[in-house]
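The sequence and the model come first.

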Amino acid sequence: MRDAASERTRHSEYFFDRHPRSFGPVIEFYRTGKLHLVEDVCALSFADDLDYWGVDELFIEPCCQYKYTERRDRVNDDIKRDAEALKQALVEDEHKGSGRITDARRRVWNFMEKPQTSIAARVLHIYNVDSALA
Ligand SMILES: [Zn+2]
């Protein structure tokens, strides 16, 4: 009886432990030399996938470059803004000792557990899912 690994080896198949969301554009890039952005993929996830497949984001075609850069920068800005707001709320709580701790806890909880509450939480959720699948 053969196991799955030996069966793959026998047929010269390769298994990539990676979500397939960006595989289409990447394989198309290796075929044609043209790389386009995938519509429904987070820009940071796409960047992470490009890094995994060894494709520099500078190869993204001009028609998609602006959209990609804008999305990536917006998500990074949202993450920074949320982190700063959270940090500020925690600092203010330490100084005021008011009921803002409850608000800060809720924001942390939403950030960690509710991906629908912000783009930053969604990105964190995607990375968590990717990590769990990797
Ligand atoms: Zn394009």
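Which residues form the largest nonpolar core? The core has eight residues: Leu35, Leu37, Cys42, Ala43, Phe46, Leu50, Ile60 and Tyr68. A nonpolar core here is a set of buried Ala, Val, Leu, Ile, Met, Phe, Trp, Tyr and Cys residues joined through C-beta atoms within 7 Å. A residue is buried if 20 or more other C-beta atoms lie within 10 Å of its own, exposed if 12 or fewer, and partly exposed in between, with C-beta atoms placed from the backbone.

The model is predicted: local features need pLDDT of at least 70, side-chain atom pairs count only at pLDDT 80 or more, and totals for chains, interfaces and linings use all residues. Residues are numbered from 1 along each chain as its sequence is written.

Helix α3 gives the most to the core, with three residues. Ala43, Phe46, Asp49 and Leu50 are buried in α3, which spans residues 43-53. Viewed down the axis of α3, these buried residues fall within an arc of 120°, so they line one face of the helix; the arc is that of the directions from the helix axis to the C-beta atoms. Glycine 54 follows α3 and has a positive phi, near 75°.

Leucine 37 touches Phe46, Ile60, Cys64, Lys67 and Tyr68, leaving aside residues up to four places away in sequence. Contact requires C-beta atoms, placed from the backbone, within 7 Å.

Totals for the protein chain are given below; helices (H or I, at least four residues) and strands (E, at least two) are DSSP runs, numbered from the N terminus.

| Item | Value |
|---|---|
| Secondary structure of the protein chain | six helices, zero strands |
| Buried residues | 10% of the 134 residues |
| Contacts with a separation of 6 or more that join residues 24 or more positions apart | 53% |

Notes. Contact = placed C-beta atoms within 7 Å.
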